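Subject: Structure handover

Hi,

Here is the structure for you to look over.

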Amino acid sequence: MGANNGKNCESEGKGSSSISSDVSSSTDPTPCRPSKNAATSEGSDSMRTLSTPSPALILTPQTIIPLHTNTSGSTVSGETVALVHPPPGNHQLAPVDLLPDNILLQIFSHLSTNQLCRCARVCRRWYNLAWDPRLWNAVRLTGELLHADRALRVLTHRLCQDTPNVCLTLETVVVSGCRRLTDRGLHTVATCCPELRHLELAGCFNVSDEAVFEVVSRCPNLEHLDVSGCTKVTCISLAQDPPVAPTTAPSPSPCPQRCQQISIRYLDMTDCFSLEDEGVRTIASHCPRLTHLYLRRCQRLTDEALRQLALHCPAIRELSLSDCRLVGDFGLREVARLEGRLRYLSVAHCCRITDVGVRYVARYCPRLRYLNARGCEGLTDHGLGHLARSCPKLRSLDVGKCPLVSDSGLEQLARSCPGLRRLSLRACESVSGRGLRLLAAHCSELQLLNVQECEVPAEALRLVRRHCRRCIIEHTIPAFY
């Protein structure tokens, strides 16, 4: 049985070895046939003197029995061994082989892409199960050294065997961190995956506008796109030419492009340093159904970009402009035109923002739940008071490194926002124990409080811990423990 199993594994593993070796750089080797002379070469003379074993000595295949041992229980060097085989027809299956196909499919559904490819090399049955189309609604590849272009080409080629040229089941492709990915890999995805809905390319800095254009054009159902860290990407549009300043009124788009314009809802362009206002205008005009937009550290953007977003993308619920240092109060006035839809806003380290911009947001966005204004040194108690009174459903607030925020602002916040759960006051030098005592008295649902680099008494922190039982306090006060 051992020799027969070896033959089967050898022949069955060849079918998928090329696929899995392209996808995984460290795939387990294919099982091979054990050597016939492994045991007989050492004890060939003694084997001739052994009589036929009794049924009591028949063990599982390839079981080695030491015939001579010393008194300490260790095997004597040069010992005589016998390789005992079961009688013909008494085959024993591994426990996993007794599982029905539907149970194995359920197990395989929890495996990653690399693990599925390794399973396909075990045997013919596992090969067929591992490539079941129901397991391939998502492909996730990782590794800086992975040849992502080749892996995507091989995977899509195998998945297109039942439906030539297209992978109708593949809806999610995640290749974040695959630095060797180029436009060729995205060309493969665009041509073979028309049902693609979710694409993540974070950190793939070799990807350009042309590849993104092809994906957006060929995948009309795409809703989630992450190109953070793709420094060559400057816009998301249906026009292959780079965006330029318009000289005449734009002509109406044809109907097919209009259908594709409304697909993307989630877009992350964090660290796309080449993105400018004109690129945002193009994005806004082609993606009017955006609900989540992240533009962190796109430092070339100005208030004009926000005006275009408010004009073309009224459905935005989450907007991040952290470290966009050219954005100011005028830009926040445009953001306020999103009115009741905006729930999440981050303007951390936008040093041009003051109480004026925060007052616009507070007045027109009463359903705001999250605000990150860390490092906005122009924010004072006056702006914090406007925010507290106009946004009573506020759940998370970060005003760290805002030196003009003091106990007066905390008092208004505590009285108007009793449902506050997360608050960061890091490096707010004007905050004292009085403000924290007010928080403890009114915000019993507080779950996180950051007072690092704040000169507050340990007694005030103990009071917060006593009243807010689930609160985690981050501090730099040795006396509080």
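Below is what I found, from the whole chain down to single sites.

Keep in mind that this is a predicted model.

Overall picture. The protein chain has 481 residues, and 46% of them are buried. Its secondary structure comprises 17 helices and 15 strands. Take the contacts between residues at least 6 apart in sequence: 74% of these join residues at least 24 apart. The accessible surface is about 23800 Å². Carbon and sulfur atoms account for 51% of that surface.

Helix H7. This helix covers residues 183-192. Its buried residues are Gly-185, Leu-186, Thr-188, Val-189, Ala-190 and Cys-192. What covers them? Two helices are part of the cover, H6 (148-159) and H8 (209-218). Strands S4 (172-174) and S5 (198-200) are also included.

Asp-323. Look in the loop between strand S9 (318-320) and helix H12 (329-335). Asp-323 has a relative accessibility of 15%, so it counts as buried, the cut-off being under 20%. Beyond its neighbours within four places in sequence, Asp-323 contacts Arg-297, Gln-299, Ala-348, His-349 and Cys-350.

Surface patch. Val-356, Tyr-360 and Tyr-364 make up a nonpolar patch. Together they expose about 230 Å² of accessible area. Tyr-364 belongs to helix H13 (residues 355-364). Its relative accessible area is 36%, so Tyr-364 is partly exposed. In an α-helix, residues three or four places apart point the same way, because there are 3.6 residues a turn.

Best wishes

Note on methods:
Residues are numbered from 1 along each chain as its sequence is written. This is a predicted model: local features need pLDDT of at least 70, side-chain atom pairs count only at pLDDT 80 or more; totals for chains, interfaces and linings use all residues. Side-chain values use heavy atoms; hydrogens and water are left out. Helices (H or I, at least four residues) and strands (E, at least two) are DSSP runs, numbered from the N terminus. Buried means under 20% relative accessible area, exposed over 50%, partly exposed in between (1.4 Å probe, protein chains only). Contact means heavy atoms within 4.5 Å. Patches are made of residues with over 30% relative accessible area and no salt bridge: like charges are joined within 9 Å, nonpolar side chains (Val, Leu, Ile, Met, Phe, Trp, Tyr) within 5 Å. Accessible areas come from the Shrake-Rupley method with a 1.4 Å probe; for residues, only the protein chains shown count as cover. A salt bridge is a side-chain nitrogen of Lys or Arg within 4 Å of a carboxyl oxygen of Asp or Glu.
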